[in-house]
Amino acid sequence: MTLWVQGGFVGNRKPVWNLTQTRFSNDVPQIAQGLARWFSRSCGAALLLLPARRLIAGVMKILFLGDVMGRAGRRAITENLGRLRTEWKLDFIVVNGENATSGMGLSGAHAKVLLEAGADCLTLGDHAFDQKDMLSFIQHEPRIIRPLNFSKSAPGKGAALFTARNGKKVLVTQALGQVFMKRPFDDPFSALEPVFKTHPLGGLAQAIIVDMHCEATSEKMAMGHWCDGRASLVVGTHTHVPTSDAMILPGGTGYLTDAGMCGDYHSVIGMEKTEPLRRFITGMPKERFTPAGGEATLSGIYLETDDRTGRATRVVPVRQGGTLHPSAP
Ligand SMILES: [Fe+2]
Ligand SMILES: [Fe+2]
(Lines give C-alpha, C1' and ligand atoms only; values in the text may rest on other atoms or scores of the structure.)
(Ligands and ions follow the chains in the order given, each with its own letter.)
Protein backbone atom coordinates (compact mmCIF):
# COMPACT_ATOMS: atom_id res chain seq x y z
CA MET A 1 0.00 0.00 0.00
CA THR A 2 1.23 3.51 -0.77
CA LEU A 3 0.22 6.48 1.39
CA TRP A 4 0.71 10.00 0.01
CA VAL A 5 0.98 13.02 2.33
CA GLN A 6 1.34 16.78 1.83
CA GLY A 7 4.44 18.83 2.68
CA GLY A 8 5.00 20.29 6.15
CA PHE A 9 7.36 21.61 8.78
CA VAL A 10 8.89 20.14 11.90
CA GLY A 11 9.48 22.47 14.87
CA ASN A 12 9.95 26.22 14.43
CA ARG A 13 12.99 26.04 12.22
CA LYS A 14 13.32 25.59 8.52
CA PRO A 15 11.94 22.32 7.16
CA VAL A 16 14.32 19.46 7.67
CA TRP A 17 12.78 17.57 4.78
CA ASN A 18 10.04 17.97 2.29
CA LEU A 19 7.16 15.65 2.89
CA THR A 20 5.46 16.59 -0.35
CA GLN A 21 4.58 13.50 -2.30
CA THR A 22 6.47 11.23 0.01
CA ARG A 23 5.81 7.53 -0.55
CA PHE A 24 5.46 6.08 2.93
CA SER A 25 5.97 2.53 1.69
CA ASN A 26 9.53 3.20 0.57
CA ASP A 27 10.57 6.41 2.29
CA VAL A 28 9.71 5.85 5.94
CA PRO A 29 13.39 5.29 6.81
CA GLN A 30 14.32 8.62 5.16
CA ILE A 31 11.57 10.39 7.12
CA ALA A 32 12.77 8.76 10.31
CA GLN A 33 16.33 9.81 9.57
CA GLY A 34 15.12 13.37 9.03
CA LEU A 35 13.37 13.26 12.40
CA ALA A 36 16.54 11.92 14.00
CA ARG A 37 18.62 14.72 12.47
CA TRP A 38 16.13 17.35 13.69
CA PHE A 39 16.10 15.74 17.14
CA SER A 40 19.88 15.70 17.37
CA ARG A 41 20.10 19.37 16.28
CA SER A 42 17.60 20.24 19.01
CA CYS A 43 19.14 18.17 21.76
CA GLY A 44 22.79 19.13 21.91
CA ALA A 45 26.20 18.19 20.72
CA ALA A 46 26.25 14.63 22.04
CA LEU A 47 23.33 13.50 19.94
CA LEU A 48 24.60 15.60 17.05
CA LEU A 49 27.59 13.29 16.88
CA LEU A 50 25.40 10.18 16.71
CA PRO A 51 24.85 9.18 13.08
CA ALA A 52 21.13 9.43 12.34
CA ARG A 53 21.20 6.12 10.50
CA ARG A 54 22.33 4.25 13.61
CA LEU A 55 19.22 5.53 15.45
CA ILE A 56 17.08 3.82 12.87
CA ALA A 57 18.87 0.82 11.44
CA GLY A 58 21.63 -0.78 13.45
CA VAL A 59 24.69 -2.54 12.23
CA MET A 60 24.72 -6.20 13.18
CA LYS A 61 28.16 -7.67 13.83
CA ILE A 62 28.43 -11.38 13.16
CA LEU A 63 31.32 -13.83 13.42
CA PHE A 64 31.31 -17.18 11.62
CA LEU A 65 34.09 -19.66 12.45
CA GLY A 66 34.88 -22.73 10.36
CA ASP A 67 35.12 -26.38 11.37
CA VAL A 68 36.49 -26.80 14.90
CA MET A 69 39.10 -29.55 14.73
CA GLY A 70 39.57 -31.72 17.82
CA ARG A 71 40.99 -30.65 21.15
CA ALA A 72 43.26 -27.95 19.66
CA GLY A 73 40.27 -26.28 18.01
CA ARG A 74 38.12 -26.53 21.13
CA ARG A 75 40.90 -25.01 23.23
CA ALA A 76 41.26 -22.06 20.84
CA ILE A 77 37.50 -21.47 21.04
CA THR A 78 37.30 -21.63 24.85
CA GLU A 79 40.35 -19.42 25.30
CA ASN A 80 39.44 -16.73 22.76
CA LEU A 81 35.77 -16.52 21.87
CA GLY A 82 34.67 -14.51 24.92
CA ARG A 83 37.46 -11.99 24.38
CA LEU A 84 36.64 -11.63 20.67
CA ARG A 85 32.95 -11.08 21.46
CA THR A 86 33.88 -8.19 23.75
CA GLU A 87 36.65 -6.68 21.64
CA TRP A 88 34.74 -6.85 18.36
CA LYS A 89 31.33 -6.08 19.96
CA LEU A 90 29.82 -9.18 18.35
CA ASP A 91 26.04 -9.58 18.28
CA PHE A 92 25.99 -13.16 17.02
CA ILE A 93 28.52 -15.98 16.69
CA VAL A 94 28.16 -19.14 14.58
CA VAL A 95 30.69 -21.96 14.92
CA ASN A 96 30.87 -25.07 12.75
CA GLY A 97 31.40 -27.97 15.13
CA GLU A 98 31.35 -31.01 12.84
CA ASN A 99 34.93 -32.10 13.69
CA ALA A 100 35.18 -30.93 17.30
CA THR A 101 35.19 -34.43 18.80
CA SER A 102 38.30 -36.37 17.74
CA GLY A 103 37.98 -34.80 14.29
CA MET A 104 34.81 -36.81 13.60
CA GLY A 105 31.48 -35.32 14.61
CA LEU A 106 30.40 -33.45 17.70
CA SER A 107 29.47 -35.02 21.03
CA GLY A 108 26.90 -33.49 23.33
CA ALA A 109 29.59 -32.75 25.92
CA HIS A 110 31.73 -30.88 23.40
CA ALA A 111 28.70 -29.04 22.01
CA LYS A 112 28.14 -27.72 25.54
CA VAL A 113 31.79 -26.60 25.70
CA LEU A 114 31.48 -24.59 22.48
CA LEU A 115 28.14 -23.07 23.48
CA GLU A 116 29.39 -22.15 26.96
CA ALA A 117 32.46 -20.56 25.35
CA GLY A 118 30.14 -18.10 23.60
CA ALA A 119 28.83 -19.64 20.38
CA ASP A 120 25.19 -18.69 19.78
CA CYS A 121 24.70 -21.39 17.17
CA LEU A 122 26.59 -24.51 16.09
CA THR A 123 26.38 -25.90 12.59
CA LEU A 124 27.40 -29.44 11.64
CA GLY A 125 28.06 -31.08 8.25
CA ASP A 126 28.46 -34.51 6.66
CA HIS A 127 29.95 -35.69 10.00
CA ALA A 128 26.83 -34.49 11.84
CA PHE A 129 26.04 -37.77 13.55
CA ASP A 130 29.46 -39.48 13.70
CA GLN A 131 29.14 -39.14 17.48
CA LYS A 132 26.03 -41.18 18.14
CA ASP A 133 24.86 -39.19 21.16
CA MET A 134 24.23 -36.24 18.83
CA LEU A 135 21.20 -38.15 17.49
CA SER A 136 19.42 -37.51 20.79
CA PHE A 137 21.31 -34.42 22.00
CA ILE A 138 20.26 -32.32 19.00
CA GLN A 139 16.59 -32.92 19.78
CA HIS A 140 16.96 -31.03 23.06
CA GLU A 141 19.43 -28.36 21.95
CA PRO A 142 17.83 -25.93 19.47
CA ARG A 143 21.11 -24.03 19.04
CA ILE A 144 22.54 -26.85 16.89
CA ILE A 145 21.75 -26.86 13.16
CA ARG A 146 22.31 -29.96 11.03
CA PRO A 147 22.31 -29.92 7.23
CA LEU A 148 18.91 -29.16 5.76
CA ASN A 149 19.26 -31.92 3.14
CA PHE A 150 21.01 -34.54 5.31
CA SER A 151 18.26 -37.12 5.41
CA LYS A 152 14.50 -36.97 5.69
CA SER A 153 14.64 -38.96 8.93
CA ALA A 154 17.51 -37.02 10.56
CA PRO A 155 16.70 -35.54 13.96
CA GLY A 156 17.09 -31.83 14.64
CA LYS A 157 16.53 -28.84 12.38
CA GLY A 158 18.24 -27.65 9.22
CA ALA A 159 17.24 -24.02 9.75
CA ALA A 160 16.23 -21.95 12.77
CA LEU A 161 15.57 -18.38 13.77
CA PHE A 162 17.73 -17.05 16.63
CA THR A 163 17.60 -13.89 18.69
CA ALA A 164 20.95 -12.09 18.65
CA ARG A 165 22.40 -10.19 21.63
CA ASN A 166 21.07 -6.95 20.12
CA GLY A 167 17.54 -8.37 20.01
CA LYS A 168 17.53 -8.80 16.22
CA LYS A 169 16.56 -12.05 14.53
CA VAL A 170 19.13 -14.15 12.71
CA LEU A 171 18.22 -17.16 10.60
CA VAL A 172 20.92 -19.83 10.29
CA THR A 173 20.74 -22.69 7.84
CA GLN A 174 23.13 -25.24 6.42
CA ALA A 175 23.11 -27.23 3.19
CA LEU A 176 25.31 -30.05 1.95
CA GLY A 177 26.68 -30.03 -1.57
CA GLN A 178 26.59 -32.95 -3.97
CA VAL A 179 29.90 -32.74 -5.87
CA PHE A 180 32.72 -35.06 -4.66
CA MET A 181 30.89 -35.87 -1.42
CA LYS A 182 31.18 -39.44 -0.11
CA ARG A 183 27.42 -39.87 0.21
CA PRO A 184 24.69 -38.66 -2.13
CA PHE A 185 22.61 -35.85 -0.66
CA ASP A 186 19.49 -34.17 -1.97
CA ASP A 187 19.75 -31.07 -4.13
CA PRO A 188 20.78 -28.21 -1.79
CA PHE A 189 19.27 -25.51 -4.00
CA SER A 190 15.74 -26.84 -3.88
CA ALA A 191 16.19 -27.63 -0.18
CA LEU A 192 16.94 -23.96 0.53
CA GLU A 193 14.17 -22.50 -1.65
CA PRO A 194 11.36 -22.90 0.94
CA VAL A 195 13.56 -21.35 3.63
CA PHE A 196 14.01 -18.19 1.59
CA LYS A 197 10.32 -18.14 0.68
CA THR A 198 9.21 -18.20 4.31
CA HIS A 199 12.02 -15.89 5.48
CA PRO A 200 12.68 -13.11 2.99
CA LEU A 201 15.78 -11.13 3.89
CA GLY A 202 14.93 -7.99 5.84
CA GLY A 203 11.56 -9.43 6.89
CA LEU A 204 11.24 -11.56 10.01
CA ALA A 205 14.97 -12.24 9.84
CA GLN A 206 17.27 -9.22 9.93
CA ALA A 207 20.16 -11.44 8.88
CA ILE A 208 20.33 -14.83 7.14
CA ILE A 209 23.45 -17.02 7.27
CA VAL A 210 23.92 -19.98 4.92
CA ASP A 211 26.65 -22.51 5.76
CA MET A 212 27.36 -24.30 2.45
CA HIS A 213 29.10 -27.49 3.43
CA CYS A 214 30.79 -29.19 0.52
CA GLU A 215 33.98 -30.12 -1.29
CA ALA A 216 33.81 -28.30 -4.62
CA THR A 217 34.63 -24.60 -4.76
CA SER A 218 32.48 -24.31 -7.89
CA GLU A 219 29.41 -25.59 -6.05
CA LYS A 220 29.99 -23.16 -3.19
CA MET A 221 30.38 -20.24 -5.59
CA ALA A 222 27.26 -21.25 -7.48
CA MET A 223 25.37 -21.31 -4.19
CA GLY A 224 26.70 -17.86 -3.32
CA HIS A 225 25.40 -16.38 -6.56
CA TRP A 226 22.10 -18.24 -6.29
CA CYS A 227 21.56 -16.82 -2.78
CA ASP A 228 22.69 -13.29 -3.70
CA GLY A 229 20.15 -10.81 -2.37
CA ARG A 230 18.39 -13.49 -0.33
CA ALA A 231 21.02 -14.14 2.34
CA SER A 232 23.35 -11.89 4.34
CA LEU A 233 26.16 -14.41 4.14
CA VAL A 234 26.98 -17.57 2.23
CA VAL A 235 30.09 -19.17 3.68
CA GLY A 236 31.64 -22.48 2.72
CA THR A 237 32.83 -25.09 5.20
CA HIS A 238 34.18 -28.67 5.05
CA THR A 239 37.48 -28.26 3.18
CA HIS A 240 39.35 -26.85 6.21
CA VAL A 241 41.50 -24.42 4.22
CA PRO A 242 40.51 -20.72 4.17
CA THR A 243 40.11 -19.07 0.80
CA SER A 244 41.00 -15.44 0.13
CA ASP A 245 37.88 -14.42 -1.80
CA ALA A 246 35.82 -12.70 0.90
CA MET A 247 33.56 -10.25 -0.91
CA ILE A 248 30.10 -8.74 -1.09
CA LEU A 249 28.14 -9.95 -4.11
CA PRO A 250 26.12 -7.44 -6.22
CA GLY A 251 22.83 -8.20 -4.44
CA GLY A 252 24.34 -7.61 -0.99
CA THR A 253 25.26 -11.13 0.09
CA GLY A 254 28.58 -11.53 1.88
CA TYR A 255 30.51 -14.47 0.49
CA LEU A 256 33.54 -16.63 1.28
CA THR A 257 34.23 -19.92 -0.50
CA ASP A 258 35.69 -21.56 2.60
CA ALA A 259 35.96 -20.35 6.18
CA GLY A 260 38.90 -22.65 6.91
CA MET A 261 39.12 -24.65 10.11
CA CYS A 262 39.71 -23.78 13.73
CA GLY A 263 42.58 -26.19 14.13
CA ASP A 264 46.32 -26.79 13.92
CA TYR A 265 47.46 -25.93 10.39
CA HIS A 266 50.74 -27.89 10.80
CA SER A 267 48.71 -30.89 9.69
CA VAL A 268 46.84 -32.40 6.77
CA ILE A 269 43.52 -30.54 6.99
CA GLY A 270 43.67 -30.79 10.78
CA MET A 271 44.89 -34.36 11.13
CA GLU A 272 48.32 -35.25 12.45
CA LYS A 273 50.54 -35.58 9.35
CA THR A 274 52.04 -39.08 9.65
CA GLU A 275 49.07 -41.28 8.79
CA PRO A 276 47.72 -39.15 5.90
CA LEU A 277 51.24 -39.03 4.40
CA ARG A 278 51.58 -42.79 4.73
CA ARG A 279 48.27 -43.34 2.96
CA PHE A 280 49.11 -40.91 0.15
CA ILE A 281 52.56 -42.41 -0.38
CA THR A 282 51.87 -46.13 0.08
CA GLY A 283 48.12 -46.29 -0.44
CA MET A 284 47.86 -48.38 2.73
CA PRO A 285 46.36 -47.42 6.09
CA LYS A 286 48.15 -48.40 9.28
CA GLU A 287 46.65 -46.33 12.07
CA ARG A 288 43.61 -44.16 12.72
CA PHE A 289 43.63 -40.47 11.87
CA THR A 290 44.14 -38.27 14.94
CA PRO A 291 43.67 -34.49 15.12
CA ALA A 292 46.90 -32.47 15.24
CA GLY A 293 47.48 -31.01 18.71
CA GLY A 294 49.50 -27.84 18.10
CA GLU A 295 48.16 -24.33 18.59
CA ALA A 296 45.06 -23.79 16.50
CA THR A 297 44.24 -20.84 14.29
CA LEU A 298 40.67 -19.57 14.62
CA SER A 299 39.57 -19.09 11.03
CA GLY A 300 36.39 -17.68 9.53
CA ILE A 301 34.72 -14.45 8.52
CA TYR A 302 33.48 -11.28 10.23
CA LEU A 303 30.37 -9.73 8.77
CA GLU A 304 28.48 -6.48 9.28
CA THR A 305 24.91 -6.19 8.05
CA ASP A 306 22.36 -3.42 7.78
CA ASP A 307 19.44 -4.35 10.06
CA ARG A 308 16.99 -2.66 7.76
CA THR A 309 17.85 -4.64 4.64
CA GLY A 310 19.78 -7.63 5.96
CA ARG A 311 22.45 -6.97 3.36
CA ALA A 312 26.14 -7.24 4.11
CA THR A 313 27.95 -3.94 4.41
CA ARG A 314 31.39 -5.25 5.37
CA VAL A 315 33.18 -8.60 5.31
CA VAL A 316 36.62 -9.31 6.74
CA PRO A 317 38.45 -12.66 6.83
CA VAL A 318 39.31 -13.73 10.37
CA ARG A 319 42.48 -15.59 11.36
CA GLN A 320 43.58 -15.52 14.98
CA GLY A 321 46.41 -17.41 16.70
CA GLY A 322 48.36 -20.43 15.52
CA THR A 323 50.42 -20.36 12.35
CA LEU A 324 48.34 -18.48 9.77
CA HIS A 325 48.89 -14.80 9.08
CA PRO A 326 46.55 -12.88 11.42
CA SER A 327 43.52 -11.03 10.14
CA ALA A 328 40.90 -9.15 12.17
CA PRO A 329 38.12 -6.59 11.60
FE1 LIG B 1 32.48 -31.98 6.42
FE1 LIG C 1 34.97 -30.48 8.47
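What percentage of the 329 residues in the chain is buried? In this predicted model, in which local features need pLDDT of at least 70 and side-chain atom pairs count only at pLDDT 80 or more, totals for chains, interfaces and linings use all residues. Residues are numbered from 1 along each chain as its sequence is written, and chains are lettered from A and ligands numbered from 1 in the order in which they are written. Buried residues amount to 45% of the 329 in the chain, where a residue is called buried if 20 or more other C-beta atoms, placed from the backbone, lie within 10 Å of its own, exposed if 12 or fewer do, and partly exposed in between. The secondary structure consists of nine helices and 14 strands, taken as DSSP runs (H or I of at least four residues for helices, E of at least two for strands) and numbered from the N terminus. Of the contacts in the chain with a separation of 6 or more, 62% join residues 24 or more positions apart, a contact being a pair of residues whose C-beta atoms, placed from the backbone, lie within 7 Å.

One open sheet contains six strands in the order β6-β5-β4-β3-β13-β14, with mixed pairing; two strands are taken to pair if DSSP finds at least two bridges between them. The edges of this sheet are formed by β6 (144–145) and β14 (312–320), each of which has a single partner strand, so one side of each is left without a neighbour in the sheet. The antiparallel pairing of β13 and β14 extends over eight bridges, with T305 bridged to A312 in β14 and Y302 placed opposite V316 in β14. Five residues lie between the strands in the hairpin of β13 and β14, where G310 takes a positive phi near 80°. The pairing of β3 with β4, by contrast, is parallel and runs over four bridges, and in β4 the residue V94 is the bridge partner of F64. Five of the five residues of β4 are buried, with F92, V94 and N96 on one side of the strand and I93 and V95 on the other, so that both faces are covered.

Helix α4 (residues 70–87) has 18 residues and should span 26 Å at 1.5 Å a residue, which agrees with the 25 Å between its end C-alpha atoms; the expected span is 1.5 Å times one less than the number of residues. The buried residues of α4 are G70, R71, A72, G73, R74, A76, I77, L81, L84 and R85, and their cover includes β3 (59–65), β4 (92–96), α5 (108–117) and β13 (298–306).

Just after α4, K89 takes a positive phi of about 55°, and L90 is placed in the loop between α4 and β4. L90 counts as buried because it has 21 C-beta neighbours inside 10 Å. Apart from its neighbours within four places in sequence, L90 is in contact with K61, L63, L84 and R85; the C-alpha atoms of L90 and L63, which are 27 residues apart along the chain, are separated by 6.9 Å.

A second open sheet, also of six strands, has the order β7-β8-β9-β10-β12-β11 and mixed pairing. Here β7 (159–163) and β11 (247–248) stand at the edges with a single partner strand each, so one side of each lacks a neighbour in the sheet. Strand β9 (residues 207–213) pairs with β8 in the parallel sense over seven bridges, and A207 in β9 stands opposite V170. Helix α7 packs on this sheet by touching β7 and β8, and its direction makes about 160° with that of β8, where axes are lines fitted to C-alpha atoms, for helices over the stretch in contact, and angles run from 0 to 180 degrees between N-to-C directions. Helix α8 lies across β9, β10 (233–237) and β12 (254–256), and runs at about 165° to β10.

In helix α7 (residues 188–198), the buried residues are P188, A191, L192 and F196. Seen down the axis of α7, these residues fall within an arc of 135°, so they line one face of the helix; the arc is that of the directions from the helix axis to the C-beta atoms. They pack against β8 (169–176) and α8 (217–227), whereas the face of α7 turned away from the buried side carries the exposed residues S190, P194 and K197.

Notes: Contact = placed C-beta atoms within 7 Å.
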